[in-house]
Amino acid sequence: MDQTASGPGSVPRVTLNDGHLIPQLGFGVFQITPAETAAATTRALEIGYRHIDTAEMYGNEREVGEAVSGSGLDRSEVFITSKLNNQFHRPDDARKAFDGTLDALGFDYVDLFLIHWPLPTLYDGDFVATWLTLTEFQRQGRARSVGVSNFQPHHLDRLRDESDVVPAVNQIEIHPYLTQDPLRKYDTDHGIATEAWSPIAQGLVLDDPVIAGVAEAVARTPAQVVLRWHIQRGDIVFPKSVTASRVRENFEIFDFDLGDDAMEAITGLNRDERTGPDPDTFDYVPR
Ligand code: NDP
């Protein structure tokens, strides 16, 4: 994946398969309450983050939009991702849901819109119809880029066979205990950028002795080491934190490098261990 000149601060940007640029580090807002989201997002923007990852499912798109609108930054300076919730996969529902996302954010476009989960056991397994609907939003210019989340290779094969648009990104769970190298390779081979959700496994990997050892050797925190490992692998990350010092810490990962030995030691921690659901069976639909 191309990495071009720096965006704000020294965050590299990745070129997507449709030519748009995405900052490789962003701020995730999953599990931030609506009441806390505007303040947390404002803090992230002040620190220098220019990429926010939200979703209809998180219930805080409106507050993300408020923070971006109130930041004094031009809309074009902030990359905003949102996602289609699971109850809206049918094309007409997806169209209404996307209108709702833009309305909540208060903007006339999103930078990236994703199918949140493939839900292969629901909707007669027809996530292709949902995907074709997202490509409408892109043609209308209301989603600059479109992509998927939690898609496995066999799901992506169907999109390739049944549609002309290759997803710009695949957002999947990745951290040192779930390195996902076969799926990452599939993405790379097909021009899809990989985004790593729960990049520090919600904190679970931070006490690992191997990670602690690398952190001590490079005089950084375990979270910085793990986030740097993702960056050097070329993946896009957006750690979540409501703690100001951690939001800053997570941003300060572009002034050091991990050597090959440290990279391999962290990758070697893989246990194929998910913290989240299995995309092939996950069928949660909010009511
Ligand atoms: P993360 O791996 O980002 O971990 C967040 C947790 O780690 C929080 O409890 C936070 O605590 C803590 N933390 C953050 N930074 C540090 C630090 N420097 N030191 C110690 N602890 C720290 O988990 P998420 O699940 O939030 O994943 C990140 C983003 O990925 C989400 O916000 C969302 O945008 C996306 N996502 C997408 C999914 C999908 O299906 N597409 C699924 C899950 C996530 P605190 O806030 O208390 O500081």
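In this predicted model, an N or O atom in the side chain of lysine 240 lies 2.8 Å from an oxygen atom of the ligand. Polar contacts are pairs of N or O atoms within 3.5 Å. Serine 149 places a polar side-chain atom 2.9 Å from a nitrogen atom of the ligand. Phenylalanine 30 uses a polar backbone atom, 3.0 Å from a ligand oxygen atom. On its own, the ligand has 910 Å² of accessible area, and the protein covers 89% of this area (Shrake-Rupley method, 1.4 Å probe). The ligand is surrounded by 27 residues, each with a heavy atom within 4 Å. Asp53, Ser198, Gln202, Ser241 and Thr243 are the closest.

Helices α7 (residues 209-218) and α8 (residues 222-233) pack with their axes 8 Å apart, at an angle of about 95 degrees. Helices are DSSP runs of H or I with at least four residues, numbered from the N terminus. Axes are lines fitted to C-alpha atoms over the stretch in contact, and angles between N-to-C directions run from 0 to 180 degrees. α7 and α8 are therefore roughly perpendicular (65 to 115 degrees). Ile211, Val214, Ala215 and Val218 of α7 meet Pro222, Val225 and Val226 of α8, with contact defined as heavy atoms within 4.5 Å. These residues comprise 7 nonpolar, no polar and no charged. Ala, Val, Leu, Ile, Met, Phe, Trp, Tyr, Cys and Pro count as nonpolar, Asp, Glu, Lys and Arg as charged, and the others, Gly among them, as polar.

Residues are numbered from 1 along each chain as its sequence is written. Local features need pLDDT of at least 70, side-chain atom pairs count only at pLDDT 80 or more, and totals for chains, interfaces and linings use all residues, while side-chain values use heavy atoms, without hydrogens and water.

Key
Helices (H or I, at least four residues) and strands (E, at least two) are DSSP runs, numbered from the N terminus. Angles under 35 degrees count as roughly parallel, over 145 as roughly antiparallel, 65 to 115 as roughly perpendicular and the rest as oblique. A polar contact is a pair of N or O atoms within 3.5 Å; within protein, one must be able to donate a hydrogen and the other to accept it, and residues adjacent in sequence count only if both atoms are side-chain atoms.
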